[in-house]
Amino acid sequence: MAAETAAATTEEAKTIAALIERSRAAQAQIENYTQEQVDELITAMVWAVAQPGVAEKIAQFTVEETQLGNYDGKYLKIFRKTRAALYDIINDKSVGVIEEDKERNIVKIAKPVGVIGALTPCTNPEATPVIKAISAVKGRNSIIVAPHPRSKLTNKMICDLMRDAIVACGAPADLVISIDSPSMELTGELMKQCDRILATGGAPMVKSAYSSGTPALGVGAGNAVITVDDTANLDEAAEKIRISKTLDLAASCSSDNAVIAFESIKDALLEKLVAQGGYICNEDEKAKLQGIIWEDGHIASRIVAQPASVLAEMAGIEIPEGRTFFIVPETGAGPAHPFSGEKMSVVMAFYTAKGIDEAIALTNAIQAYQGQGHSCGIYSYNDDNIMKFAKATKTSRVMVNQPQAPSNSGNLWNGMRQTFSLGCGSWGGNATNNNITWQDLINVTWISKNLDKPKELPADEVLFASAINKLK
């Protein structure tokens, strides 16, 4: 058995090595491309998958293959999100000199990394390979995409369309390569052999990326917590919470997993959430939902990104027609309160807080259990509350009066970078906490010239003034 395993591992290593060789040859052909050539490529890549007629087919195919999410959510991502991602980077300078710091007399030159190994999840398999691919090519890299097995046909369809577009622009198709028969072993080999890993997926995948020995950009677990204070526009908040909670049936890691309402507006907010399609669970229904969502402490795959009606049928709960998400009253956080964690479903925990300090404490307690560093939101028109919340929560992103899921990864109504790879900083065990884009997929050479006038060290009594006075 050991010999068979070793032979299989050798074969898989050879398979990936062959793909890497093809990818490197393609990347070498665009290493000296101009900015105009690079931007022509990424424009064609997005148009190939997002043009009318094609986007609809991809959205429908994705739902049919994965049985996750819904057509409207998939269509929004492939038609609109990819356009927005292209628009976000198309005017960025990524070739040659990209920055001049005259004060320090520093010039920065962008250079490609080489072959990017991209891991994509089955929950967002329609736009993720596109956004990762244009980010890679924007930096004059090539990319090999390893999909989740549940979305391998979608991945192949999308990569093939991009490959055709690349060829039409006179560049080598192998700038984008899909692993058409994915496995954990092949993905592991890709992570070992590529030049940089761009990993989006579950915690085990991200952990593997960071332990592969290859420089990796991974993302932490999501578990967005949303606070609604007493200055919020409750109609606005309820509508946007519904939009975020039900987008693609909560396939996104940025979906609203918990809402914390100030005590003074709790009942009014609940009323408006119900008007938006929410269903408030009683204790018996909460227990039934808990029974189907988790198996042996893990989220059951069968409930991920499914309609509320399907979850209700699984759980043996009768809900009125038109209910699109569940509201589960909760008080605590941690393993004893599983609804405080990520649910990957149209199920939302609901908490009450006396004020902003208690809301912050609750947010940190919930995310200390799951999702720390990822993102939070607040519906408020009190700048003091907003700033206090942002300063005190251990989070990389705070969305203010915006639907969380379509906002923290960038959208046309805000200035966040467009991506599906959200770094969570040291809180989430990540190397970065920014919205990952092409700037994370380049090397930078710094040219340093002499300053016109050298800096002069101040006298000790100036430089060490505070220390001298204290240490006399």
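**Entry 1: Ala224**

I began with Ala224, which counts as buried because its relative accessibility is 0%. Buried means under 20% relative accessible area, exposed over 50%, and partly exposed in between, with a 1.4 Å probe and protein chains only. The model is predicted, so I noted that local features need pLDDT of at least 70, that side-chain atom pairs count only at pLDDT 80 or more, and that totals for chains, interfaces and linings use all residues. Residues are numbered from 1 along each chain as its sequence is written, and side-chain values use heavy atoms, with hydrogens and water left out.

I placed Ala224 in strand 8 (residues 224–228). Helices (H or I, at least four residues) and strands (E, at least two) are DSSP runs, numbered from the N terminus. I then looked up contacts, meaning heavy atoms within 4.5 Å. Not counting residues up to four places away in sequence, Ala224 touches Ser254, Ser255, Asp256, Asn257, Ala258, Gln367, Ser375 and Gln404. I also checked Ile356, which is 132 residues from Ala224 along the chain. Their C-alpha atoms are separated by 17 Å.

I checked the length of helix 9 next. Its 13 residues should span 18 Å at 1.5 Å a residue, and the end C-alpha atoms are 18 Å apart, which agrees. The expected span is 1.5 Å times one less than the number of residues. Buried residues of helix 9 include Leu234, Ala237, Ala238 and Ile241. At the start of this helix, a side-chain oxygen of Asn233 reaches to within 3.1 Å of the backbone nitrogen of Asp235.

What follows helix 9? I found Asp248, with a positive phi near 50°. Most residues other than glycine have a negative phi. Asp248 lies in the loop between helix 9 (234–246) and strand 9 (256–262). Is Asp248 buried or exposed? It counts as buried, because its relative accessibility is 1%.

I looked for polar contacts of Asp248. A polar contact is a pair of N or O atoms within 3.5 Å; within protein, one must be able to donate a hydrogen and the other to accept it, and residues adjacent in sequence count only if both atoms are side-chain atoms. The side chain of Asp248 makes such a contact of 2.9 Å with that of Lys74. Another, of 2.7 Å, joins the side chains of Asp248 and Lys77. Asp248 also touches Ala305. Ala305 has a positive phi too, near 50°. Ala305 counts as buried, because its relative accessibility is 1%.

**Entry 2: salt bridges**

I searched the whole structure and found 21 salt bridges. A salt bridge is a side-chain nitrogen of Lys or Arg within 4 Å of a carboxyl oxygen of Asp or Glu. Asp248 came up again: Lys74, Lys77, Glu126 and Asp248 are linked in a network of salt bridges.

Lys286 and Glu330 meet in a salt bridge at 3.2 Å, N to O. Lys286 lies in helix 11 (residues 283–293) and Glu330 in the loop between strand 13 (325–329) and strand 14 (347–353), so the pair ties together parts that are 44 residues apart in sequence. Lys286 counts as buried at 12% relative accessibility. Glu330 counts as buried at 9%.

Lys192 and Glu189 form another salt bridge, with the closest N and O atoms 4.0 Å apart. Both residues lie in helix 7, three residues apart, about one turn of the helix. Lys192 counts as exposed at 54% relative accessibility, whereas Glu189 is buried at 10%.

**Entry 3: helix 3**

I ran the length check on helix 3 (residues 54–66) as well. Its 13 residues should span 18 Å at 1.5 Å a residue, and its end C-alpha atoms are 18 Å apart, which agrees. Among its buried residues are Val54, Ile58, Thr62 and Val63. What do the buried residues of helix 3 pack against? I found helix 2 (35–50), helix 4 (71–89) and helix 6 (152–168). Gln67 follows helix 3, with a positive phi near 60°.

**Entry 4: Asp296**

Asp296 is exposed, because its relative accessible area is 79%.
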